[in-house]
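Here is a friendly walk through the model, with the cut-offs spelled out as the terms come up. Have the viewer open and follow along.

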Amino acid sequence: MQASSRLFNLKTALGALAVAAAFSAAGPASAAPAEQASVVIVHGAFADGSDWAKVIPLLQAKGVKVTAVQNPLTSLADDVAAARRAIDNQPGKVVLVGHSWGGTVITEAGNHDKVASLVYVAAFAPDAGQATGDLGKDLPAPPGIAKLSVDKAGFASLPPAALAADFAQDVSAKQAAVMAATQGPIAMKAFGDKVETAAWKTRPSWYIVSTKDRMIQPALERAFAKQINAKTTELPASHVPQQSRPADVAKVILEAVAASK
């Protein structure tokens with residue numbers, strides 16, 4: 001009986017070792033695939049979250065969780081607060097995307113622990129201590145800026161004709177009309193609000209230059225991309241490549257998502 005018992009114990013021990021070896025070869029149970037980063041999009045001036053309606057489905061088709069922030073466009077602090085609320089609500093890492101004025105917003109809001117990377121789309125990318133209104137003064141004023149209409153409350157918007165000619169000249173007339181109707185006027189004083197900390201100094205960045213932009217000089221966009229050491233893509237597009245070339249814009253964002261796992 002003792003010999004039989006010893007044989008049983010030996011077989012049991014060998015079986016346990018085999019199971020342990022199998023688990024060891026397979027790796028620890030905690031080594032699950034990293035959760036895919038979600039995307040938070042910050043729109044610019046003269047727009048709202050619907051400005052990204054063509055890109056969002058392309059990201060969602062790849063299983064990416066997307067949130068488009070609705071900026072109040074009343075001040076840099078207010079827009080940063082709106083972006084940070086959206087970031088707080090994400091389950092894990094975030095790729096933070098900003099268009100135009102939204103670039104200034106993500107430069108500040110990107111200093112959030114969840115933000116893994118930044119994507120600038122025809123956007124401002126100020127340094128700490130700079131305001132959006134300080135940027136590009138050494139270059140000729142873009143054509144669209146001269147056509148802004150400012151109301152009694154100090155909020156600027158683009159007349160429909162100016163939006164069609166200078167903001168979104170490469171979309172259909174019907175689409176431009178919708179964009180004019182849904183645009184968000186911005187408080188002019190917001191352009192004087194200064195960034196406190198530039199997130200691009202501590203996060204990898206991507207930048208899309210719109211070579212036919214009539215709202216921000218393409219030369220200034222290239223300077224931003226170089227300054228922030230971004231992986232840069234140039235598109236022959238207006239100020240809104242997310243409207244005229246959504247697949248190309250989605251591709252860049254997906255690259256950032258893939259790199260942020």
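Residues are numbered from 1 along each chain as its sequence is written, and side-chain values use heavy atoms, with hydrogens and water left out.

The structure holds 4 aromatic pairs. Rings of Phe, Tyr and Trp (its six-membered ring) pair if their centres lie within 6.5 Å; planes under 30 degrees apart count as stacked, over 60 as edge-to-face and the rest as tilted. Tyr120 and Tyr207 are stacked because their planes meet at 10°, with the ring centres 6.1 Å apart. This pair links distant parts of the chain, 87 residues apart: Tyr120 sits in strand β4 (residues 115–121) and Tyr207 in strand β8 (residues 205–210). Helices (H or I, at least four residues) and strands (E, at least two) are DSSP runs, numbered from the N terminus.

Phe124 and Phe224 make an edge-to-face pair, 6.2 Å centre to centre with 70° between the planes. Here too distant parts are linked, 100 residues apart: Phe124 is in the loop between β4 and β5 (149–150), and Phe224 is in helix α7 (residues 218–227). Both Phe124 and Phe224 are buried.

## The largest pocket

Phe124 turns up again in the lining of the largest pocket, where Phe124, Leu135, Pro142, Ile145 and Met215 lie nearest the centre among 24 lining residues. On a 1 Å grid over the protein atoms alone, a pocket is an open set of points where a 1.4 Å probe fits, with protein on both sides within 12 Å along at least five of seven lines; lining residues have an atom within 4 Å of a point. The pocket's volume is about 440 Å³, taken as the space filled by probe spheres set on the points, which are joined across faces, edges and corners.

The lining divides into 17 nonpolar, 6 polar and 1 charged. Ala, Val, Leu, Ile, Met, Phe, Trp, Tyr, Cys and Pro count as nonpolar, Asp, Glu, Lys and Arg as charged, and the others, Gly among them, as polar.

## A covered helix and a buried Asp

In helix α4 (residues 101–109), 9 of the 9 residues are buried. Its cover includes β1, α3 (76–88), β3 (94–99), β4 and β7 (186–187).

Asp51, in the loop between β1 (38–42) and α2 (56–60), is buried with a relative accessible area of 4%. Beyond four places in sequence, Asp51 is in contact (heavy atoms within 4.5 Å) with His99, Met179, Val240, Gln242 and Gln243.

## Positive phi, and where to be careful

Ala122 has a positive phi of about 45° although it is not a glycine; Asn229 also has a positive phi, of about 55°. Ala122 is buried, at 0% relative accessibility, whereas Asn229 is exposed, at 67%.

The mean pLDDT (the predictor's confidence in each residue, from 0 to 100) is 90 for the chain. Over residues 1–33, however, pLDDT stays under 50. Where pLDDT is low, the predicted coordinates should not be read in detail.

Methods
Predicted model: local features only at pLDDT ≥ 70, side-chain atom pairs only at ≥ 80, totals over all residues. Buried < 20%, exposed > 50% of the residue type's maximum accessible area, 1.4 Å probe, protein only.
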